[in-house]
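Hi,

Here is the structure I promised to pass on. Have a look at it first, and then read on for what turned up when I went through it.

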Amino acid sequence: MAQLEIDGVVTRDVALLRDCDRLALWLPQLIRRIGMRPVGPPIIQPYAHWNGSAPSAVQFMEESAVVVHTYPQANYIEITLHSCNVISDHESIITEVVGLLGLRLKRVHYAPERNWRNLSQAPDIPWPSIR
């Protein structure tokens with residue numbers, strides 16, 4: 001599994017950060033635009049305690065899932081794309097998201113090694129016991 005994280009300030013279509021219905025339409029469209037295939041409708045959870053609404057969303061795909069968290073009070077969005085395969089065109093996906101949202105990038109992280117096949121064979125991480 002590969003993981004691509006894209007975070008930043010939205011400068012275009014900021015209403016998306018508060019509107020659950022709009023987010024539910026936008027997310028599957030985004031997935032299709034980046035060449036992946038959504039499975040079922042997205043799951044949207046509004047959080048009213050954030051100055052009205054700050055929806056988070058999960059959209060399952062044939063390739064895995066996308067998770068979106070919104071922070072409308074700062075026009076901020078976090079998008080995490082999980083894929084069962086290496087995301088060979090991750091730079092074009094970043095470009096697409098930046099273009100769609102007018103995103104001022106604050107953080108991008110691509111982890112192609114996040115693959116269960118590799119990680120299941122990796123050494124265990126020692127963790128101190130909780131007392």
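Leaving aside its neighbours within four places in sequence, which residues is histidine 109 in contact with? Before I get to that, please keep in mind that this is a predicted model.

Histidine 109 sits in strand β6, which covers residues 104–111. Once neighbours within four places in sequence are set aside, histidine 109 is in contact with Gln3, Leu4 and Glu5. Take leucine 4: 105 residues separate it from histidine 109 in sequence, yet the two C-alpha atoms are 5.8 Å apart in space. As for accessibility, histidine 109 comes out at 38%, so it counts as partly exposed.

Now for the inside. The largest nonpolar core has 27 residues, and Leu81 and Leu101 touch the most other members. Two or more residues of this core come from each of β1 (2–9), α1 (20–33), β4 (64–71), β5 (76–83) and α2 (90–101). With five residues, α1 gives the most. If you want to click through the surroundings of leucine 81, look for Ala2, Gln3, Leu4, Ile34, Met36, Met61, Ala65, Val66, Ile87 and Ile93; leucine 81 touches each of these, again not counting residues up to four places away in sequence.

And α1 itself? Here is what I noted:

- Start: a side-chain oxygen of aspartate 19 comes to within 3.0 Å of the backbone nitrogen of aspartate 21.
- Buried residues: Leu23, Trp26, Leu27, Pro28, Leu30 and Ile31.
- Cover: the buried residues of α1 lie under elements including β2 (43–45), β3 (56–60), β4, β5 and α2.
- Just after the helix: glycine 35 has a positive phi of about 85 degrees.

That's what I have for now.

Cheers

Notes:
Residues are numbered from 1 along each chain as its sequence is written. This is a predicted model: local features need pLDDT of at least 70, side-chain atom pairs count only at pLDDT 80 or more; totals for chains, interfaces and linings use all residues. Side-chain values use heavy atoms; hydrogens and water are left out. A nonpolar core is a set of buried Ala, Val, Leu, Ile, Met, Phe, Trp, Tyr and Cys residues joined through side-chain atoms within 4.5 Å. Buried means under 20% relative accessible area, exposed over 50%, partly exposed in between (1.4 Å probe, protein chains only). Helices (H or I, at least four residues) and strands (E, at least two) are DSSP runs, numbered from the N terminus. Contact means heavy atoms within 4.5 Å. A polar contact is a pair of N or O atoms within 3.5 Å; within protein, one must be able to donate a hydrogen and the other to accept it, and residues adjacent in sequence count only if both atoms are side-chain atoms.
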